[in-house]
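Here's a quick briefing to read alongside the picture. Take a look at the structure, then work through the points below.

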Amino acid sequence: MDWYSIVKFMHIGSATLWVGGGFALMLLAVRADRAGNIEGVLQAMRATGELGNRFFAPMSMLTLLFGLIMCGFWVGFSDLWVLIGLAGYTMTFCIGMFIFKPTADRMAGMIAKDGVTPAALAQGQRILRAAHFDYSVMLVIIAAMVLKPTVHDIVILAGMALVLATGVALAVGKGRWMVPSAA
């Protein structure tokens, strides 16, 4: 076995834990939401907030680190698929730092102060909407890493654009969040 294979394995392993773990939590929140289980939705949101700095951020940083090592020693930084991966990583990192983390912290503070209110649920809805877009970006990154498109692969690039557009549509669409009734 060579060093490239080891670094590639570490890159794929950390990416799998990062993307797969977050996707599983998003699915739990969506399922709970569709079932009308507000506590289940809040539990998934709490888990996302708690795991953000302790698990998802380190896994995303390891994914980036191992990817940069591969590019620096073996692959280079000029291929389109590498640039798509780096741009996508930057986007998901910013979503995590500037939307997920502060919104989850704000929601947790609101719940601690006033309990589950419509305003707190609105914060959770914002997280879930952002997660739809975030995971469309991650799907594009995965496709770029596997398919390695060039500027001539119009069908693949159009498919990636369609995935991103779907993520935007899901992010700005109306949520199904239920608000506890006053009755």
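Let's start with G159, which is partly exposed, with a relative accessible area of 31%. Here buried means under 20% relative accessible area, exposed means over 50%, and partly exposed is in between (1.4 Å probe, protein chains only). Keep in mind that this is a predicted model, where local features need pLDDT of at least 70, side-chain atom pairs count only at pLDDT 80 or more, and totals for chains, interfaces and linings use all residues. Residues are numbered from 1 along each chain as its sequence is written, and side-chain values use heavy atoms, with hydrogens and water left out.

**Where G159 sits**
- You'll find G159 in helix α5, which covers residues 154–172.
- Helices (H or I, at least four residues) and strands (E, at least two) are DSSP runs, numbered from the N terminus.
- From the C-alpha atom of G159 to that of P118 is 37 Å, and the two are 41 residues apart along the chain.

**The whole chain**
- The chain has five helices and zero strands, so its pattern along the sequence reads α-α-α-α-α.
- Its C-alpha trace spans about 65 × 35 × 25 Å along the principal axes.
- Of its 183 residues, 34% count as buried.
- Contact means heavy atoms within 4.5 Å, and 75% of the chain's contacts with a separation of 6 or more are between residues 24 or more positions apart.

**How α2 and α3 pack**
- Two packed helices are described by the angle between their axes and the distance between the axes.
- The axes of α2 (residues 38–75) and α3 come within 10 Å and cross at roughly 160 degrees, which means α2 is roughly antiparallel to α3.
- Axes are lines fitted to C-alpha atoms, for helices over the stretch in contact, and angles run from 0 to 180 degrees between N-to-C directions.
- Angles under 35 degrees count as roughly parallel, over 145 as roughly antiparallel, 65 to 115 as roughly perpendicular and the rest as oblique.
- Residues making this contact include L42, M45 and G49 of α2, and W81, V82 and L86 of α3.

**A look at T103**
- Is T103 buried or exposed? T103 is buried, with a relative accessible area of 0%.
- T103 belongs to helix α3, which runs over residues 80–114.
- Leaving aside neighbours within four places in sequence, T103 touches Q123, R126 and I127.
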